[in-house]
Amino acid sequence: METVNITTCVSNAPLRELLEIRRGLELEIVRLAALRRTDEELAGLEALLAQQRQAADEDESWRFLEADIAFHLGVASAAHNATLLSLYENFESPLRSLVVANMEKYPLATHCDIHQHLWEAIRDRDEARAASVAEQFLTTLEEQLWEG
């Protein structure tokens, strides 16, 4: 069996495959984060939401992007699965590309609203709702990317 370097594999993957990887990782991450997050992690995610909202209000897309990526990585960290977090960290560069493509499709405020719903599900320890929010968002993203 051939050993594969995950960073090389992900950096060369087509967009459709990246979206499929993102779906698989994020659905499990948000589910686990809802079950395992600490109050400190929840507060940190809430602070990142505030940064996103402020950047969106000020129409500073690159500042929004940094807060968005930090939010996703924070959720991954809150899942308390070191291997899953490592995989997601290796996915950061393509994730940035996907977020940028997505930012062109949705107003930044819409991203904030979606992240707010996700945060609320994680706050409430509702793994099914967290997965549902992520699933709906990713499905809409995929549909819009293939339309464009």
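Trainee: Which residues of H2 are buried?

Mentor: In this predicted model, the buried residues of H2 are Leu-18, Leu-19, Arg-22, Arg-23, Leu-25, Glu-26, Leu-27, Ile-29, Val-30, Leu-32, Ala-33 and Ala-34.

Trainee: Why is Glu-26 called buried?

Mentor: The term requires under 20% relative accessible area. Glu-26 has 6% relative accessibility, and therefore counts as buried.

Trainee: How do you know that the span of H2 agrees with its number of residues?

Mentor: At 1.5 Å a residue, the 22 residues of H2 should span 32 Å. The end C-alpha atoms are 31 Å apart, so the span agrees.

Trainee: What does the corresponding calculation give for H3?

Mentor: H3 comprises residues 39–57, and these 19 residues should span 27 Å. Its end C-alpha atoms are 27 Å apart, which agrees.

Trainee: Why are the buried residues of H3 said to line one face of the helix?

Mentor: Seen down the axis of H3, the buried residues fall within an arc of 140°, and so they line one face. They are Glu-41, Leu-42, Leu-45, Leu-48, Leu-49, Gln-52, Ala-55 and Ala-56. In general, an α-helix has 3.6 residues a turn, so residues three or four places apart point the same way. On the other side of H3, Asp-39, Glu-40 and Asp-57 are exposed.

Trainee: What covers the buried residues of H3?

Mentor: The cover includes helix H2 (15–36), helix H4 (61–78) and helix H7 (108–123).

Trainee: Which residues have the most contacts inside the largest nonpolar core?

Mentor: Within this core of 35 residues, they are Ile-29, Phe-71, Val-75, Leu-118, Ile-122 and Ala-130. At least two core residues come from each of H2, H3, H4, helix H5 (82–90), H7 and helix H8 (127–147). H2 gives the most, with nine residues.

Trainee: Which residues does Phe-71 touch, beyond those up to four places away in sequence?

Mentor: Phe-71 touches Leu-45, Leu-48, Leu-49, Gln-52, His-115 and Leu-118.

Conventions: Residues numbered from 1 in each chain as written. Predicted model: local features only at pLDDT ≥ 70, side-chain atom pairs only at ≥ 80, totals over all residues. Heavy atoms only, no water. Helix = DSSP H or I, 4+ residues; strand = E, 2+ residues; numbered from the N terminus. Expected span 1.5 Å × (residues − 1). Buried < 20%, exposed > 50% of the residue type's maximum accessible area, 1.4 Å probe, protein only. Arc of directions from axis to C-beta. Contact = heavy atoms within 4.5 Å. Core = buried A, V, L, I, M, F, W, Y, C linked by side-chain atoms within 4.5 Å.
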